[in-house]
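Work through the exercises below with the sequence and the structure at hand. Each task is followed by a worked solution.

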Amino acid sequence: MQKYIYLDNNSTTAVRHEVWETMSPYFQEYYGNPASLQHALGRQAAAALLQARTDIAAVLHCQKQEIFFNSGATESINTVLKGVFQRYALKGKHIIVSTTEHKAVLNCCEELQKLGAEISYLPVDEQGAISLSLLAATIRKDTILVCLMAANNETGALHPIQEIAALCQAKDCLYFCDATQYIGKLPLFLEHIPIDILCLSAHKFHGPKGVGILYIRRKSKPIQVHPLLHGGGQELNFRGGTQNLPLIVGMAKALTLAAEEGYNSTYIRELRDYFEQEICARIPASHIISQDVPRLPNTSMLVVEHLLATEIMSQLPHIALAAGSACSSASRAPSHVLLAQGMTIEKAKASLRVSFSMLNTADEVATLLALLPNVVERLRAQSPIWQLVQAGIIR
Ligand code: PLP
């Protein structure tokens, strides 16, 4: 039987063995509710919750009181955009996002527009980079939030978060950073970057699904975010609902391990760079998107011109890849990120994302390198469009 090769790690990752070992006793042995302080099991749960908060704060270099547990980035994004909009109504209704944000951000903004929000969409260039001077010019007196991701989930392109944070600080405007793809892949020290609000999801770095954190910086003038979920007073009254302790413990373990191992970023980058160098040499008319800007070390967005990425993937059923954003792969629409970077619909549909993790091996890369060029050659041989390209009739 052919071994299954998983190269869709920006979509989600496997829970690491050590993470599972750490979290599994919290389902059946240590199942107390952290709010039940009247008995030993509850107190034990509260202590585990505090430890997880402390461990995560240590990795992110922030205070544990700045961390709020929830179900992940989508919840955080909804909480922040809707909660800031509600609380800062007196200051204004203007929010700035980039055109390449995750759909959770863009769809949330669409909802807020119906409630009167004014959204400015910052354009990106063909590499996925924003212009800082345009951002500076777009921030107004009534701008209540700048929402710009740390790393793009499709191309891996990084935004200059240090500069964005400094600019927002200088202009007295809140900066919310969606760091869902960044955390767990590269280090980020919140004590050195004045990001006001940040979110992440554990399943992007070998933790469990359905859990994440929202970080809100403690400031002398406190940041106001109206809660999305009202409940029993958990998370300092900010996020109601019993904390999902097994998942939270697993998330803390996954993040701690990743940080201790230097995010394995050198190993992952070497796999990715070798793949890119070889694949572009072996497949004519192929190239990598956002290669000229700082990128995540694990992400390759490969364009195989004149073919559909979905067609290629159907020929490689034992290899998990992604056509455009895996988060929105239910839709057949071409990636909004690639279109925002100025690509044609045809090229966007020819884009195949390969995203690596520390669990991938050089053998797996070698298998992909052996199979992918053959699949492309076979499909192109059957393609009338490719014949026209070869004949120089179209480009
Ligand atoms: N933001 C980014 C950049 C993402 O890549 C994702 C998921 O892929 C999300 C937000 C949403 O994360 P989740 O589905 O864990 O809520």
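**Exercise 1. How much space lies in the largest cavity, and which residues lie nearest its centre?**

Step 1. The largest cavity holds about 190 Å³ of space. A cavity here is a set of points, on a 1 Å grid over the protein atoms alone, where a 1.4 Å probe fits but cannot get out. Grid points are joined across faces, edges and corners, and the volume is the space filled by probe spheres set on the points.

Step 2. The model is a predicted one, in which local features need pLDDT of at least 70 and side-chain atom pairs count only at pLDDT 80 or more, while totals for chains, interfaces and linings use all residues. Residues are numbered from 1 along each chain as its sequence is written, and side-chain values use heavy atoms, with hydrogens and water left out.

Step 3. The lining consists of 20 residues, and G184, K185, H206, Y263 and I268 lie nearest the centre. Lining residues have an atom within 4 Å of a point.

Step 4. Two elements give two or more residues to this lining: α9 (245-260) and α10 (265-282). Helices are DSSP runs (H or I, at least four residues), numbered from the N terminus.

Step 5. Sorted by class, the lining has 8 nonpolar, 8 polar and 4 charged residues. Ala, Val, Leu, Ile, Met, Phe, Trp, Tyr, Cys and Pro count as nonpolar, Asp, Glu, Lys and Arg as charged, and the others, Gly among them, as polar.

**Exercise 2. Is E276 buried or exposed, and what is E276 in contact with?**

Step 1. E276 has its place in helix α10.

Step 2. E276 is buried because its relative accessible area is 3% (buried means under 20%, exposed over 50%, partly exposed in between, with a 1.4 Å probe and protein chains only).

Step 3. Leaving aside neighbours within four places in sequence, E276 is in contact (heavy atoms within 4.5 Å) with I288, Q291, R295, T299 and S300.

Technical notes:
On a 1 Å grid over the protein atoms alone, a cavity is a set of points where a 1.4 Å probe fits but cannot get out, and a pocket is an open set with protein on both sides within 12 Å along at least five of seven lines; lining residues have an atom within 4 Å of a point.
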